[in-house]
Amino acid sequence: MTSSGRILAALGLLSCIALSVNVPAAAVAAAAPVPAPKEAVRIPFTQRYQAVQHGGLVRASNSSISCRREVAPLARPCADVKKGAAGVNSDFEMFYSEVDDNPDTYNSTRAELKVPQGAKVSYARLYWGGNLRVGEQKPPRDNGRVLVAEPGGAYKEVLADTVVGHRSDAGSDAYQASADVTPLVRTGGAGMWTVAQLNIAMGHSEVGAWGGWTLVVAYEHPREPLRRVSLWDGFEGLAAGAGRAAAETVEIAGLRARPGSRGKAGVVGYDGDRGTLGDSLSVTADGGRRVSLGDGKNPFNDVMNSTITEFGHNAFVRQPDHMNNLGYDADVFDLSPVLSDGARSLSFRFTGENQGHFLGVLFVQTDARR
């Protein structure tokens with residue numbers, strides 16, 4: 001995102017249910033046209049899935065675009081930024097990441113999904129999105145389609161078949177879609193998952209290019225603690241400053257977490273800039289004191305800083321594995337400090353950074369009791 005002070009209007013996007021169809025890799029370029037999914041400008045966060053079961057939540061995630069060369073006079077070298085140096089996407093010419101050997105895909109990235117051995121997948125959902133307008137303009141009719149390959153498998157087409165959120169403003173053209181891929185993940189299991197043909201634009205502009213994907217999986221395992229897992233989604237644009245447009249609150253009730261319980265919360269965000277301050281994530285248990293979430297990789301006042309981490313660490317293998325993902329965040333934070341006195345409900349509050357950013361997904365895991 002540019003440093004010009006652009007303020008985003010609040011918006012929301014509803015994620016989508018998927019339909020998976022086998023597509024031979026050689027036929028990617030010749031795939032039949034996909035009907036444009038229905039769209040909505042703003043749909044607030046709603047609960048997508050919840051369960052109380054022995055097991056938990058895992059996720060795989062990666063960004064789909066990165067810097068190719070510096071454009072801004074004072075920009076750090078692109079190679080340094082990929083390794084974690086400060087830098088924002090509007091300072092660079094951005095280009096697709098490509099890890100497969102298929103000439104018919106224009107972006108592809110991989111990430112490891114760590115489903116525990118012996119676990120049963122109870123639910124899986126794939127989220128993808130980004131900016132359609134940069135140095136080029138991508139047609140929004142392709143927002144509801146990606147290609148997915150399970151570990152060792154061939155690409156399969158995954159389609160969104162419910163409303164896709166999509167809204168453009170003076171500088172960006174943002175969207176998020178999602179798909180229920182439970183059968184696919186039950187078959188594919190743990191390992192390296194590949195997502196390709198994510199509809200995002202490359203090039204350079206004052207608002208920059210961004211985009212990526214996250215696969216969230218709920219699983220059951222008889223040897224793990226009883227936990228409550230909850231998945232929420234939408235796509236809210238948070239403006240800078242105070243007021244309703246600058247903040248979003250998500251309420252999760254019915255937890256029944258004992259004092260000293262453990263938990264974690266995962267967030268997917270778009271166009272968060274490293275070093276552009278003001279964005280935060282805080283949680284209140286049962287209306288009590290508000291606790292700010294953050295860690296060594298995600299400062300309390302810059303949580304949307306283009307990282308893909310878990311408790312401040314790189315928790316799984318990614319290809320490529322850029323440390324600064326230039327506008328894509330998929331982080332998991334430790335909720336245990338919030339649960340020290342137990343909790344029946346949690347209130348998550350997100351605030352916008354100085355230039356604004358987008359929210360897409362919130363997933364929460366807490367210890368539970370019958």
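1. Strand 11 (residues 173–180) has 7 of its 8 residues buried, so this strand is largely enclosed by the rest of the structure. Buried here means under 20% relative accessible area, with a 1.4 Å probe and protein chains only. Strands are DSSP runs (E, at least two residues), numbered from the N terminus. The model is predicted: local features need pLDDT of at least 70, side-chain atom pairs count only at pLDDT 80 or more, and totals for chains, interfaces and linings use all residues. Residues are numbered from 1 along each chain as its sequence is written, and side-chain values use heavy atoms, without hydrogens and water.

2. Two neighbours of strand 11 may be described together. Strand 7 (residues 120–131) pairs with strand 11 in the antiparallel sense over 7 bridges, and Gly130 stands opposite Tyr175. Strand 10 (residues 164–168) is also antiparallel to strand 11, joined by 4 bridges, with Arg167 opposite Ala174. Strands 10 and 11 form a hairpin with 4 residues between them. Two strands count as paired if DSSP finds at least two bridges between them.

3. These strands belong to an open sheet of 10 strands with mixed pairing, in the order 2-10-11-7-13-3-14-22-16-20. Strand 2 (39–40) and strand 20 (328–334) stand at the edges with a single partner strand each, so one side of each has no neighbour in the sheet. Elsewhere in the sheet, strand 16 (residues 263–270) runs antiparallel to strand 22 and is joined to it by 8 bridges; Gly269 has Leu359 of strand 22 as its bridge partner.

4. The whole structure holds 7 aromatic pairs. Rings of Phe, Tyr and Trp (its six-membered ring) pair if their centres lie within 6.5 Å; planes under 30 degrees apart count as stacked, over 60 as edge-to-face and the rest as tilted. Phe235 and Phe358 are stacked, at 5.1 Å centre to centre and 10° between the planes. Phe235 lies in strand 14 (residues 226–238) and Phe358 in strand 22, so the pair ties together parts that are 123 residues apart in sequence. Both Phe235 and Phe358 are buried.

5. Two charged side chains sit over rings. The charged end of Arg68 is 4.0 Å from the ring centre of Phe95, and Lys138 lies over the face of Tyr106, 4.2 Å from the ring centre. The criterion is NZ of Lys or CZ of Arg within 6 Å of the ring centre and within 35 degrees of the ring normal.

6. The backbone deserves a check at three places. Most residues other than glycine have a negative phi, and most peptide bonds are trans. The peptide bond from Gln319 to Pro320 is cis, with omega near -10°, and Pro320 is in the loop between strand 19 (318–319) and strand 20. Leu326 lies in the loop between strand 19 and strand 20 and has a positive phi of about 50°; Leu326 is buried, with a relative accessible area of 1%. Asp271, in the loop between strand 16 and strand 17 (280–285), has a phi near 65° and is buried at 0% relative accessible area.

Definitions and conventions:
Buried means under 20% relative accessible area, exposed over 50%, partly exposed in between (1.4 Å probe, protein chains only).
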